[in-house]
Amino acid sequence: MPETPEKQQTADERPVRRQARGERRIAQLLEAAASVFCATGYTSASTNAIAREAGVSPGTLYQFFPNKEAIAIELGDRLMHEMRATYGEALAPVDPATPLEEAVGAAVDRFVAFNCDHPVFFALMHGPDIPGRITEEHDALHATLVARIEVLLSSFLPDTPAADITRTAHVCLGMYKAGLELALAHEGAEREAYVRELKNVLFRYLEPLISGRTVTPADVTTPPAPTDVTRTPSS
């Protein structure tokens, strides 16, 4: 006897519901993995700890991921996708009339916000012993970021040789990564202070290049010599 349309519709909906439940479970496991990776680092993390954080049995975890490397790779892939969307917005070419301080501040704010919202991204991208595939994707992301920074810099330095633009882009990205690590090590007002310092460092580095002003030794403040506090023993 043929199935009624109602029964056929119910049968067709079952795989969709199972798929939706599976996606929710995967999201739950990835969220738990992000928490564990941030707390212990990738190397010390275990599938048992991730399952415990997710509130499921290890057997349930293994239905979706064979090991923690597979979890890290899936998590990294999703974060990379979001990061690419972030830098696409943050490093879009700007009107040359845009104040440099405004352009630098907007780019830094977007990247810092992403890393604050997803602290596991920094833990996975810069931690030791991360899976090789993540390392390869990180290297590709680095190269793409440099290229996008080059485009952004070209908006302000249209007559600068390409080699100089590339060098400046590498220096900017290096300073940003160092400042980001410092900022993420703090919270609240102290983190905000480090972010302001990062913006200030980048602006002070780029402003002379864009204004065409040559930095001279007189522009660099030399700290005073330390006071000799050696005391002569009393007689």
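## Aromatic pairs

The model contains three aromatic pairs, where rings of Phe, Tyr and Trp (its six-membered ring) pair if their centres lie within 6.5 Å, and planes under 30 degrees apart count as stacked, over 60 as edge-to-face and the rest as tilted. One of these pairs is tilted, because the rings of Phe37 and Tyr42 have their centres 5.5 Å apart and their planes at 55 degrees. Phe37 and Tyr42 are both buried, a term that denotes under 20% relative accessible area, with exposed meaning over 50% and partly exposed in between (1.4 Å probe, protein chains only).

A further tilted pair is formed by Phe111 and Tyr176, with 5.6 Å from centre to centre and 50 degrees between the planes. This pair links distant parts of the chain, since Phe111 belongs to helix α5 (residues 100-117) and Tyr176 to helix α8 (residues 162-184), 65 residues apart. Helices (H or I, at least four residues) and strands (E, at least two) are DSSP runs, numbered from the N terminus. Phe111 has a relative accessible area of 7% and is therefore buried; Tyr176, at 10% relative accessibility, also counts as buried.

Tyr42 has a charged neighbour as well: the charged end of Lys68 sits over its ring, 4.5 Å from the ring centre. The criterion is that NZ of Lys or CZ of Arg is within 6 Å of the ring centre and within 35 degrees of the ring normal.

The model is predicted: local features need pLDDT of at least 70 and side-chain atom pairs count only at pLDDT 80 or more, whereas totals for chains, interfaces and linings use all residues. Residues are numbered from 1 along each chain as its sequence is written, and side-chain values use heavy atoms, with hydrogens and water left out.

## Pocket and cavities

Rolling a probe the size of a water molecule over the atoms shows where empty space is left. On a 1 Å grid over the protein atoms alone, a cavity is a set of points where a 1.4 Å probe fits but cannot get out, and a pocket is an open set with protein on both sides within 12 Å along at least five of seven lines; lining residues have an atom within 4 Å of a point. Grid points are joined across faces, edges and corners, and a volume is the space filled by probe spheres set on the points. There are two cavities of 30 Å³ or more.

| Space | Volume | Lining by class |
|---|---|---|
| Largest pocket | about 220 Å³ | eight nonpolar, two polar and two charged residues |
| Largest cavity | about 270 Å³ | 17 nonpolar, no polar and no charged residues |
| Second largest cavity | about 140 Å³ | nine nonpolar, four polar and one charged residues |

In these classes Ala, Val, Leu, Ile, Met, Phe, Trp, Tyr, Cys and Pro count as nonpolar, Asp, Glu, Lys and Arg as charged, and the others, Gly among them, as polar.

The lining of the largest pocket includes Phe37, Asn115, Phe122, Glu181 and Arg191. Helix α6 gives the largest share of this lining, three residues. At least three residues come from each of domain 1 (1-65) and domain 2 (69-235), with bounds from an automatic or database domain assignment.

Among the 17 residues lining the largest cavity, Leu91, Ala107, Ile149, Leu152 and Cys172 lie nearest its centre. Two or more lining residues come from each of α5, α7 (132-156), α8 and α9 (188-211), and α5 provides the largest share, six residues.

For the second largest cavity, α6, α7 and α8 each supply at least two lining residues.
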